[in-house]
Every structure is written in C-alpha cells, then in structure tokens.
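Here is a short report to read alongside the model.

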Amino acid sequence: MNFLRVILYPLIPVYSFVIWFRNFLFDKNLFKSRSVNAKVFSVGNISIGGSGKTPVTIYLTSLLKQAGDKVGVLSRGYGRKSKGYILVSDGKKILTTVEKSGDEIYHTVLDCSVPAAVSENRVKGAERLIKDTGVNTMVLDDAFQHRWIKRDVDLLVIDQRFLTEKSFFTHNLLPTGVMREPFTSIGRANAVIINRKFMEKKEIPETFINYFYGKKIFTGYYKAISFFDLKHKTEYSLEDFQGQKSLVVSGIATPFSFLNALRQTKVDTQNKLIFKDHKRYTFDDVQRIRQLFYSTNSHSVVTTEKDAVKLTRFSRELDDIDIYYLKIKFALDDEEAFKGFIFGV
C-alpha cells in the first residue's frame, strides 16, 4: 500500500491545484454558498479519518440542545447503503437502519436524541430537515470541504497525533498523504479544536504554528465513562473489566487511540481483530470473531460504539457472546471559553 502511495506522489500537484482552484472560486464568490433558515455550525477536518469529528459533533449538539436550541444534525452519511435524503430521526425515535444512514450519524442520534438526516446535497438536505422537523439550529458533520452551504461557525478538528507525527505519509496531500487540504486552509476556520484524545497535551510543533496564527484554539480530550452492553441496555463500570481477557474488535480510522484507552482502563488488549475504517461487517467477519473469541478463551468482546451498533444486526449469530462498547465522552480543557465563543457568535 505504501509503495502505491509513493508511485502516486506525482499526482499531488494535480490534486493540489484542483483544491486550490475550487476554494478560489468560493473565495471570489464565483461559486456561491447558500444560506438556510437556521443557524449553521460546521464540524470538519483537513485530513481523512480519525480526527474525532463525531465525538465533537455530539459534544456541540448536546451543548446547543442544553442551551434550548432546537438543534438538528446533518451528515453526508459516509458508507451508507442508500442515496439521497433520508430522515434518520425526528428527535423522538430512529426512523431507519445504520446501514441506510451510516454509522456516524446513527451514533450521534443514539447519544443526543435530536432530529437528524443524511444527504449528499447539504443545502437541500438542510432545507428538508428544517421543513420536516422545525429545527432552528443545524450542526453539519464533516462539512469543512462542503462549502455550498453557508455556515455561521466553521469548526476545524485536528488530531494532536496527526500534528506531532513525523511521517512522509502523514503531512502530504492525497493520494500519497492523508491530507484533504493543505495547512493553509486552516485560515478558513473560525476556530480550531486540537483533539488529544487519550494522550497528554502537547504544544503545536513549530513547523506548523504559523498556520494557527490569530485563530481561536481549543484543546479537547476523551474520557472513558463506562462499558455498555447495547443488547441488554446495561452499563458497567470501568473497574468491572480490569484484568479481564477480552477480544478487542475495531473498525475505526485510528485504532491506536481506542487500544490506548483500553490499556489505560486496564483491559487486556492482547487479543484483537482490527478492521478498516467504517467496516461493513459480514457473516464471515462474525465467524472470525466467534472463532478467535473461543480460541483465546475470552470473557467478552470489547469494541467501539460505532462497531457495536453495526454488530447488532448479527444478534442471532452472536447471541452466546457478551459484547460491550467503551463509552467515551469528549471534553474541552476550557469549556467556559468555548461556550463564550459558541454563544457569542
């Protein structure tokens, strides 16, 4: 895979020009962003996968909901087996499946209980969601590059490990690196959230510090809350799993952070199955999980919430195995300053 990315290195200037020209057209108002009848907050990133957009979206949505706003969430619905506009939730109940909505928006709805929809066309999707549910505030998940819809606040989420990691395949644009846009695009954001996840806080490397000049910068992290049995709707303390031999199953962009969190909670992570991001589980995958679970004499399967939601469709095949997900919560180091920024806009 890395060899192929090296081979594709000459294509970076082509990709870079396309990105620059597209942004130029928006900046010069030749491409026009359209307003919708709601206050719009966008959460996005400049790299592919793993920055923590969904936990930040959940955090922001909950914050706005607690403040009394009638807030809805709109996503493209990455990885879904459907097209067009789909109302995922009316705020009271979920109206579709995780396969048709995508795992990220489904995860958000489970946590926030707010109206939500998916649509490739963000403008039409936002207008439909407003019409269907009467929301007056909109949170766009993964929308930094989707400039057709006008937003009041553009939040950029950046993984701290992405900034501090020194790798040829990290700080290059696609198709060789993992960057959707160059660092200069940070200038388009109203504020930046550096997500350190389960790691200690580090300073922005001097190499990149100039790109953040004049920006409101917030730092956030993940807190492990509990282990949750989605099938039986039962919550367990972190202490209940200390020292237990579990089979770890993950299909997310940055399994390093998930494994690190489990180690911090003293869960045995020796036995694991790591799949690609946005994994669509199949019957064969479930058989692999079953085989490894029994061959390692594991006590349970421990996974992420996004993976647990998708594994529930195999409830019959996994009926004899206890499956728990690690419930995490995003938090900010200076929440009051963030609230002042969000509600002062």
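What percentage of the 345 residues of the protein chain count as buried? In this predicted model, the share is 52%.

Let us begin with the overall picture. The protein chain holds eleven helices and 13 strands, and its C-alpha trace spans about 60 × 45 × 40 Å along the principal axes. A compact globule of 345 residues would have a radius of gyration near 20 Å, and because the protein chain has 20 Å, the two agree. Taking contacts between residues at least 6 apart in sequence, 76% join residues at least 24 apart.

The chain carries 52 positive and 38 negative charges, whose mean positions lie 6 Å apart.

Now to one strand in particular. Strand β6 covers residues 153–159, and seven of its seven residues are buried. Both of its faces are covered: V153, L155, V157 and D159 are buried on one side, as are D154, L156 and I158 on the other.

Which strands pair with β6, and over how many bridges? The table sets out its two pairings listed here.

| Partner of β6 | Residues | Sense | Bridges |
|---|---|---|---|
| β1 | 39–44 | parallel | four |
| β7 | 191–195 | parallel | five |

D154 in β6 stands opposite S42, while D159 has N195 in β7 as its bridge partner. Both of these aspartates, D154 and D159, belong to the buried residues of β6.

Key: Residues numbered from 1 in each chain as written. Predicted model: local features only at pLDDT ≥ 70, side-chain atom pairs only at ≥ 80, totals over all residues. Heavy atoms only, no water. Helix = DSSP H or I, 4+ residues; strand = E, 2+ residues; numbered from the N terminus. Rg over C-alpha atoms; globule rule 2.2 N^0.38 Å. Buried < 20%, exposed > 50% of the residue type's maximum accessible area, 1.4 Å probe, protein only. Contact = heavy atoms within 4.5 Å. Lys, Arg positive; Asp, Glu negative; His and termini not counted. Charge placed at Lys NZ, Arg CZ, Asp CG, Glu CD. Pairing = 2+ DSSP bridges.
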